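Keep the display open while reading.

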Amino acid sequence: MINISLLAMEPLAANCLIVTDAETGKTAVIDPGSFDERLDRKLSEVGYDNIEYVLLTHGHYDHTGGANDVIKKTDNRAKVAIYKTEEEFLSDSYLNLSLPFTGRAWPVIKADVLLSDGDKIELGSSVITVMHTPGHTKGSVCYICDDNIFSGDTLFCESAGRTDFPTSDEHEMYESLHKLAALEGDYTVYPGHNMKTTLNNERKYNPFM
Ligand SMILES: [Zn+2]
């Protein structure tokens, strides 16, 4: 069992998901796009000692901008995880879009864990599974835990992520969405932007699926 809190963060209202293992309190912060008072308050409630991971669905700056602050608040103990082929986004301001979108290169982030498809991340008594879902970027992933999918900019409520950025691939996006649709059973889906949905709703109504 996990508890999930959602905060939409500046600068582009990317959803930051705070995922806590109900049994142990161990916590992962998915996609902290920035760091502000609300996030600080929420993570203080959870306890910075309990934060084990910052999990990035992909390397765009609006999903990663708060990673260094969260790590620092844990006395550099928590680990940053990103898909192995996405690591270069963390130090390349063109790939991570910070330079073209904001006019400045955002600080480099150091990855501690490079993920592969199917990796299992232990969070207390919970397990988070990594699913490689390229398309929006070459190293985009979805994180799956219990009956929840954290879909980043791959799957949105009745929509999908853009495929016109560096390393985007429309065909790969199509395949990734089909891989998600083929999962067995229903899931709650927490996308990287806008409101949450369910996999069944997306199977029925998402024109990209
Ligand atoms: Zn993105």
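## A buried cysteine

In this predicted model, C16 is buried, because 26 other C-beta atoms lie within 10 Å of its own. The cut-off for a buried residue is 20 or more.

C16 belongs to strand β2, which spans residues 14–21.

## Contacts of C16

Which residues does C16 contact, leaving aside neighbours within four places in sequence? They are L7, M9, V29, I30, D31, P32, G33 and L39.

C16 and G66 are 50 residues apart in sequence. In space, their C-alpha atoms are 9.7 Å apart.

## The sheet

β2 is part of an open sheet of 6 strands. The strand order is β1-β2-β3-β4-β5-β6, and the pairing is mixed. At the edges are β1 (2–9) and β6 (113–115), each of which pairs on one side only. On average, neighbouring strands of this sheet are turned by 20° against each other, direction ignored.

How do β2 and β3 pair, and over how many bridges? The sense is antiparallel, with 4 bridges. Strand β3 covers residues 27–30. Within this pair, T20 of β2 stands opposite T27 in β3.

## The helix across the strands

Helix α1 is formed by residues 37–46. It lies across β1, β2, β3 and β4 (51–55). Relative to β1, helix α1 runs at about 165°. L39, one of the contacts of C16, falls within the residue range of α1.

Notes: Residues numbered from 1 in each chain as written. Predicted model: local features only at pLDDT ≥ 70, side-chain atom pairs only at ≥ 80, totals over all residues. Helix = DSSP H or I, 4+ residues; strand = E, 2+ residues; numbered from the N terminus. Buried ≥ 20, exposed ≤ 12 C-beta atoms within 10 Å, placed from the backbone. Contact = placed C-beta atoms within 7 Å. Pairing = 2+ DSSP bridges. Axes fitted to C-alpha atoms, helices over the stretch in contact; angles between N-to-C directions.
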